[in-house]
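Subject: Structure handover

Hello,

Please find the structure below. My notes on it follow.

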Amino acid sequence: MTLELQLFLLVWGTLVGLDLVSVPQMMIARPIVAGPVAGAILGDLATGLQLGVLFELFQYDVMPMGASRYPEYGPATVAAVSTAHAAAGTLGLGLGALVGLVTGMLGGLSMYVVRRATQRAVQAVAGRLEAGDVRLLVRLHVTAIARDALRAAVVTAAGLALAHVVRLYFGGALPLRGVTLLGVAAVAGAIATATAGTLRVVGRGANLRWFAAGLAGGAVLVWLR
Amino acid sequence: MTRTRRPPLGRSLLRLFTVQGSWNYERLQGIGVGVAEEPLLRDLRAAGNGAVYRAAVARGAHFFNAHPYLCGLAVGAAARAEHEGATPDQIERLRSALCGPLGSLGDRLVWAGWLPVTSGLALIGVALGLGMDAVLGFLVVYNVGHVALRWWALRAGWTHGVRVAVALHQPFLQRAAAWSGPAMALVIGAALPLSAAYLAGPFPAWARGVLLGAAAVGGAILLWWRGRLTGLRYGLALLAVAALAGWIWR
């Protein structure tokens with residue numbers, strides 16, 4: 001993979017990371033968008049779509065409410081696609097999931113660090129904010145957005161570096177059964193996570209019947225295909 | 001009372017797209033809300049009320065937390081109240097009173113409704129072979145709703161001012177909130193088997209059996225240990241077990 005492509009992925013991952021909370025929340029941070037675009041950058045849309053679907057399922061575990069801490073799956077999906085691109089097929093899925101989940105955890109941790117840093121910056125100028133200093137208010141806000149952009153870039157870079165290491169050392173080292181099992185684990189983990197995450201929101205009321213109806217409809221479609 | 005001829009709602013709306021940019025554990029969305037409200041307060045300064053303007057800006061940046069797409073409602077309402085000469089105490093109470101309802105309404109409408117419905121439809125589209133068209137469709141459809149909701153919230157806030165609670169009882173909001181739960185459940189329910197079949201396509205038959213079992217057990221464990229075990233940790237644990245099993249079973 002050329003340095004140019006890695007840089008494109010870094011820029012895309014940064015935009016994706018910025019979109020999650022800061023600007024503009026138009027959902028390019030969703031894995032179902034971040035993955036296919038990363039795949040398109042690499043000229044491998046199929047892998048991008050596959051990893052996008054996989055991490056979108058993991059995403060259903062997350063309700064991004066208030067001060068709750070959660071993993072960040074956008075840049076994680078970009079790193080996962082970068083891993084899987086070089087190792088096509090089922091091997092790509094398992095190794096991509098591994099890199100993506102670790103990067104997602106790192107992303108969640110980094111958001112906490114950045115929010116604390118912004119908190120300290122706000123506390124440091126609390127008096128001037130109370131005096132209605134507009135320039136300071138806007139500068140504080142813009143600086144915080146820049147801080148989040150830097151965070152997203154660092155997380156994406158770390159994910160891409162991890163992807164590079166995994167491609168180098170694990171790409172050809174696993175036997176066929178191991179490769180298949182890794183892929184199975186990735187998909188099973190994603191399906192279990194999406195099911196549990198959805199059921200937590202659906203609850204035991206009338207919506208559970210709608211969920212069951214959807215499940216049956218989806219299963220029929222699979223059978224028909 | 002200070003009346004604006006044409007409030008710069010567009011400028012405020014643009015700033016609202018960054019409302020969570022300075023999210024922090026001290027004021028949560030407060031700084032972003034203050035930045036978004038500031039253009040609507042400039043008339044106060046133009047009217048020669050520099051001190052009133054600065055005090056209003058400072059109030060706008062106090063603690064606030066709600067759903068980001070509905071923050072505009074509080075921004076518009078608070079700015080209108082400042083123009084209508086409401087007391088600082090009334091404005092602080094208005095902001096506090098809006099946090100809970102805007103948070104829960106937004107979570108139901110968007111995070112647990114519109115977003116999973118549209119992304120679930122994208123998953124179904126990809127699984128059925130629509131590829132990038134499904135992804136682009138998701139982005140367009142989702143954001144039509146997203147931008148419309150932000151714009152409606154800001155306008156409603158500015159229109160109603162301190163009586164903004166009226167806007168929250170709009171029939172379309174009540175209907176949307178009532179439908180979001182069933183729609184989400186139906187779409188995600190349908191997306192699950194289709195996504196599983198799409199991802200498991202290249203696996204041999206034995207592997208699909210293992211997948212089904214691991215997914216069922218995993219779903220039960222995640223529900224049982226809710227709050228203690230996250231999907232991410234379960235996924236990583238499963239990958240570790242798979243790597244170990246693959247290494248032993250050569």
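In which loop of chain B is Leu28(B) found? The model is predicted, and in it Leu28(B) sits in the loop between α1 (9-16) and α2 (30-46) of chain B. This residue is not a glycine, yet its phi is positive, at about 50°. Leu28(B) counts as buried because 21 other C-beta atoms lie within 10 Å, and the cut-off for buried is 20 or more.

For background, most residues other than glycine have a negative phi, and most peptide bonds are trans.

Chain A has two entries of this kind in the loop between α1 and α2. The peptide bond from Val23(A) to Pro24(A) is cis, with omega near -15°. Pro24(A) belongs to the loop between α1 (3-21) and α2 (31-41) of chain A. Gln25(A) lies in the loop between α1 and α2 of chain A as well, and its phi is near 60°, a positive value in a residue other than glycine. Gln25(A) has 22 C-beta neighbours inside 10 Å and therefore counts as buried.

As for chain A as a whole, it has nine helices and zero strands. Its C-alpha atoms fill a box of roughly 65 × 50 × 25 Å along the principal axes. Of its 225 residues, 59% count as buried. Among contacts in chain A between residues at least 6 apart in sequence, 73% join residues at least 24 apart.

Chain B is divided into domain 1 (9-202) and domain 2 (203-250). The centres of these two domains of chain B, taken over C-alpha atoms, are 37 Å apart.

Regards

Conventions:
Residues are numbered from 1 along each chain as its sequence is written. Chains are lettered from A and ligands numbered from 1 in the order in which they are written. This is a predicted model: local features need pLDDT of at least 70, side-chain atom pairs count only at pLDDT 80 or more; totals for chains, interfaces and linings use all residues. Helices (H or I, at least four residues) and strands (E, at least two) are DSSP runs, numbered from the N terminus. A residue is buried if 20 or more other C-beta atoms lie within 10 Å of its own, exposed if 12 or fewer, and partly exposed in between; C-beta atoms are placed from the backbone. Two residues are in contact if their C-beta atoms, placed from the backbone, lie within 7 Å. Domain bounds come from an automatic or database domain assignment.
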